[in-house]
Amino acid sequence: MRRRRAEKREVLPDPKYNSALVSRFINMVMVKGKKSVAESIVYGALGVISKKIENSNPLEIFEKAIDSARPLLEVRPRRIGGATYQIPMEVERSRGNFMSMMWIRDFARKKKGKPMKEKLAGELIDAYNKTGAALKKREDMHRMAEANKAFSHYKW
């Protein structure tokens with residue numbers, strides 16, 4: 001028997017932009033509990049964005065970048081009679097936001113030769129412009145879900 005499902009914790013909005021999404025992203029960028037370092041990276045990246053894209057609100061660009069990288073479908077493995085099928089399922093908004101933020105963070109970390117805030121700003125601008133690695137990852141996931149559409153009747 002499984003235990004009860006853990007309840008979702010509400011994240012307090014960040015002090016600068018008063019946005020829960022930015023606060024979540026700061027927590028995602030954080031390494032080894034160093035929140036002030038993560039805050040300076042994320043706020044620095046948003047500052048770089050406002051410099052690169054003239055007459056723009058960096059928070060708006062950040063939200064649109066997360067939104068454009070958010071997947072609508074994903075595949076989940078399900079074991080049926082000895083065979084494991086990849087079953088396409090719709091993604092909840094909170095999980096989709098988590099996945100897109102994770103992809104943007106990971107692809108920024110993989111880049112070499114620049115400070116993290118510049119790499120992060122680059123990934124966010126790419127996602128905002130609907131290009132870049134995070135969008136490619138999203139398209140691959142949608143393609144996989146489309147290819148396995150025949151197993152969608154196994155949803156639970």
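Begin by selecting helix α4 (residues 93–110) and helix α5 (residues 116–128), which pack at an angle of about 130° with their axes 9 Å apart. At that angle α4 is oblique to α5; oblique covers whatever is left once angles under 35 degrees (roughly parallel), over 145 (roughly antiparallel) and 65 to 115 (roughly perpendicular) are set aside. The axes are lines fitted to C-alpha atoms, for helices over the stretch in contact, and the angles run from 0 to 180 degrees between N-to-C directions. Helices (H or I, at least four residues) and strands (E, at least two) are DSSP runs, numbered from the N terminus.

The model is predicted: local features need pLDDT of at least 70, side-chain atom pairs count only at pLDDT 80 or more, and totals for chains, interfaces and linings use all residues. Residues are numbered from 1 along each chain as its sequence is written, and side-chain values use heavy atoms, with hydrogens and water left out.

Ile104, Arg105, Phe107, Ala108 and Arg109 of α4 meet Met116, Lys119, Leu120, Glu123, Leu124 and Ala127 of α5, where contact means heavy atoms within 4.5 Å. By class, the residues of this contact are 7 nonpolar, no polar and 4 charged; nonpolar stands for Ala, Val, Leu, Ile, Met, Phe, Trp, Tyr, Cys and Pro, charged for Asp, Glu, Lys and Arg, and polar for the others, Gly among them.

Now select Ser68, in helix α3 (residues 58–69). Is Ser68 buried or exposed? With 8% relative accessibility, Ser68 counts as buried (buried: under 20% relative accessible area; exposed: over 50%; partly exposed: in between; 1.4 Å probe, protein chains only). Leaving aside residues up to four places away in sequence, Ser68 touches Ala127, Tyr128, Lys130, Leu135 and Arg138.

From there, move to Lys130, in the loop between α5 and α6 (133–147). Lys130 is not a glycine, yet has a positive phi of about 60°. Its relative accessible area of 60% makes Lys130 exposed.

At 84% relative accessibility, Asn55 counts as exposed.

Finally, zoom out to the whole protein chain. It has 6 helices and 2 strands, in the order α-α-α-β-β-α-α-α from the N terminus. Its C-alpha atoms fill a box of roughly 55 × 35 × 25 Å along the principal axes. Of the 156 residues in the protein chain, 39% are buried.
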